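Please examine the sequence and the structure shown here. A short report on the overall fold and on one of its elements accompanies them.

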Amino acid sequence: MSAASGHHERWLRRFEPAPEGAARLLALPHAGGSAPYFLPLARALTPELDVVCAQYPGRQDRYREKPLDTIEALADGLFEALASEPAGPLVLFGHSMGAVLAYELGLRIERQGGADLLGVIASGRRAPTRHRAEEAVHLRDDDGIIAEIRALNGTDPGVLNDDELLRMALPALRADYRAVETYRHRPEERLRAPVSVLTGESDPHVTQEEARAWQELTDGAFRYQSFPGGHFYLGTQQAAVTEAIRQSVAAFRSAAASVKP
């Protein structure tokens, strides 16, 4: 196995086969999340889309690797992994921290090529231009980080109730929170691709104004939709979210077709 193919296989996971030539959806997990979180989404969207799920360092089968604690380093790793993928249409879908990562990865793709970026779907995250100075979860002690993930109600209860597993996950959790909480948007940068934003109506981490501020970060079309639920509304609104993703991808494709000569 070459170094390039090994890097690719560590970062990108497919749970369902898709036909050759299908547009790809790269799903980017939340802080502390892992690729299998998107298994239900992969099953729902395949085979119409080729769903690829990101696996960050420092968790599950990559737990021996040092977690990366900046959005830029995570985006660099994913961009390198995508270089081993076939060129073709790509949609980035990120939840929470993954939404910020999708934005940063999208900028790299548009600057450096390697894929045809159709659009970005940002879920459960305020625009990178909207910073909340009071949030510093990565500076809390271990119990403080655990309290945060318990409050968000998005972690497998089997992990939350297993102290050994929970303590093993803490380095990756802290690194992820540090990455997203210390990330700062560069004012001169924005996407050319269209952006869709999805949020939970009772999510304490993003207001409607903060969600709609994503419109400032694209030269393309903008769509916004909210759903009943909190930060992890995806779990209770799976069918509606799946349909929203389908609609966004269709709109992205239509927009791309309209600008081709």
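This is a predicted model: local features need pLDDT of at least 70, side-chain atom pairs count only at pLDDT 80 or more; totals for chains, interfaces and linings use all residues.

Residues are numbered from 1 along each chain as its sequence is written, and side-chain values use heavy atoms, with hydrogens and water left out.

The protein has 9 helices and 7 strands (DSSP runs numbered from the N terminus: helices are H or I with at least four residues, strands E with at least two). A compact globule of 261 residues would have a radius of gyration near 18 Å, so the value of 17 Å agrees (taken over C-alpha atoms; the rule is 2.2 Å times the number of residues to the power 0.38).

| Property of the protein | Value |
|---|---|
| Box filled by C-alpha atoms, along the principal axes | roughly 55 × 50 × 35 Å |
| Accessible surface | about 11600 Å² |

The accessible surface comes from the Shrake-Rupley method with a 1.4 Å probe, and carbon and sulfur atoms hold 52% of it. Buried residues (under 20% relative accessible area, 1.4 Å probe, protein chains only) make up 53% of the 261 residues. Of the contacts (heavy atoms within 4.5 Å) between residues at least 6 apart in sequence, 81% join residues at least 24 apart.

Helix H4 covers residues 97-112. Its 16 residues should span 22 Å at 1.5 Å a residue, and the end C-alpha atoms, 23 Å apart, agree with this (the expected span is 1.5 Å times one less than the number of residues). H4 is mostly covered, with 14 of its 16 residues buried. Just after H4, Gly113 takes a positive phi of about 80°.

Definitions and conventions. Buried means under 20% relative accessible area, exposed over 50%, partly exposed in between (1.4 Å probe, protein chains only).
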